[in-house]
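Hi,

Here is the structure I promised to pass on. Have a look at it first, and my notes follow below.

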Amino acid sequence: MHLELATRGGDSAVDRADAADAPGADGEGGAAVDEQRYRRRIAKAKRAARSELRAEQWSRMRLAELEAEHIARHGGPDMPPGRPADGASNGGTCGDGCACRIECCAGGGRGSSDDDRPHPAGMFWIPPQRDSVPRIDAARVSPAEFVAEWEAPGRPVVIRGVSDEWPASTAWMPEAFVRTYRNQKFKVGQDDEGDKVTLAAKYYMRYALTDPDGARADDSPLYIFDASVFKSAPQLARDYTVPEYFRDDLFRLVGSSRRPPYRWIVMGPARSGTGIHIDPLGTSAWNTLLLGHKRWALFPPGTAKDKIDPKLKDREAVTWFMNVYPKLRAAGEDLGMVEIIQRPGETVFVPGGWAHVVMNLGEAHAAVECDEWFWGHAS
Ligand SMILES: O=C(O)CCC(=O)C(=O)O
């Protein structure tokens, strides 16, 4: 979705239509005008971002309904999405400052019969034992140790504790975010010409969080994935700090004007995500999640492309998890597949050359994260 290294900069049809709205005009036009404008913006963005789909086809797989049915059946009637049913626990719950109490990352080896048990949090969740990626604490592992243990050998790892002090931990939470960036436009896709498709934060947040006919109904919702907004809203770059492990980055030597896009603000609701890909130019990546949960599947360099990236009707992450993942689940270990449920406050390190596919989980809340590519020392 965001993998193009150069966008064609020109305004899209959606941009031009948005420009006709004076910022703040929604406050004066009354609810009816707001409503119409909101619906128009979303419809236009969807048409531009995925021209192969007609409006009603955005929910043709009925995934939102199926997910709700799954939760009703397996999650218990009064359980918020993600909270395990009594007796469903197979090894620990989300802890360490995460308020959701979802069991997800306890580790503990694969192959348990619990593997096949429906997860109470939703149909795209995996049992904790499938998440086998080690966690390290940023305060306890020095940069030299990080390079030796993880970066140089190219091993994925999840780092805890890098974002505790970031202003983004509060500034990027949905309510604060929409207050600050109300009329700021964010990229939510790309049209057939390669131009970016944008939406103002106030429209996107409504679509993602509160409109029952918005993202909640869509199989693979629109997803904020924006690198260029750091230019028009430079404060965003001051809301986070590059973790120490990744500061010594050869990419910087290219110079800021010639450096390809390398950092993104990413926000999306359940089932939005990024289809399978390998990050370009041999870059590695770090990805810090501030809110919500994300599911990852990663494959080591050299994995046969036809096994993990067969031709599908689209390249959406949810399509991959529904059609490719079930066939790989058993063979995954032979292929070297590793899986992660990333929790708030966790940073995933993706070494160069690893193919990966990523999908946001959860119900009403968006995943909010910061994502950067880098070259580092070893690549
Ligand atoms: O968070 C995501 O949706 C995917 C991020 C990713 O895969 C990347 O930036 O390469």
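Strand β9 (residues 293-299) pairs with β10 in the antiparallel sense, over five bridges. Lys294 has Gln342 in β10 as its bridge partner. Two strands are called paired here if DSSP finds at least two bridges between them, and the strands themselves are DSSP runs (E, at least two residues), as helices are (H or I, at least four), numbered from the N terminus.

β9 and β10 belong to an open sheet of four strands in the order β7-β12-β9-β10, with antiparallel pairing. Its edges are β7 (273-277) and β10 (338-342), each of which pairs on one side only. From one strand to the next the twist averages 15 degrees, taking axes as lines fitted to C-alpha atoms (for helices, over the stretch in contact) and angles from 0 to 180 degrees between N-to-C directions.

Before you go further, please keep in mind that this is a predicted model: local features need pLDDT of at least 70, side-chain atom pairs count only at pLDDT 80 or more, and totals for chains, interfaces and linings use all residues. Residues are numbered from 1 along each chain as its sequence is written.

Now the ligand. Around the ligand sit Val266, Gly273, Thr274, Asp279, Ala285, Asn287, His356, Val358 and Asp371, each with its C-beta atom, placed from the backbone, within 6 Å. β7, β8 (284-291) and β12 (355-361) each give at least two residues to this shell. By type, the shell has three nonpolar, four polar and two charged residues (nonpolar: Ala, Val, Leu, Ile, Met, Phe, Trp, Tyr, Cys and Pro; charged: Asp, Glu, Lys and Arg; polar: the others, Gly among them).

For the whole protein, I count 13 helices and 13 strands. Pro127, in the loop between α4 (63-74) and β1 (135-137), is buried because it has 22 C-beta neighbours inside 10 Å.

How confident is the predictor? The pLDDT (confidence in each residue, from 0 to 100) averages 81, and 79% of the residues score at least 70. It stays under 50 over residues 1-33 and is below 50 over residues 77-111. Where pLDDT is low, the predicted coordinates should not be read in detail.

Best wishes

Key. pLDDT is the predictor's confidence in each residue, from 0 to 100. Two residues are in contact if their C-beta atoms, placed from the backbone, lie within 7 Å. A residue is buried if 20 or more other C-beta atoms lie within 10 Å of its own, exposed if 12 or fewer, and partly exposed in between; C-beta atoms are placed from the backbone.
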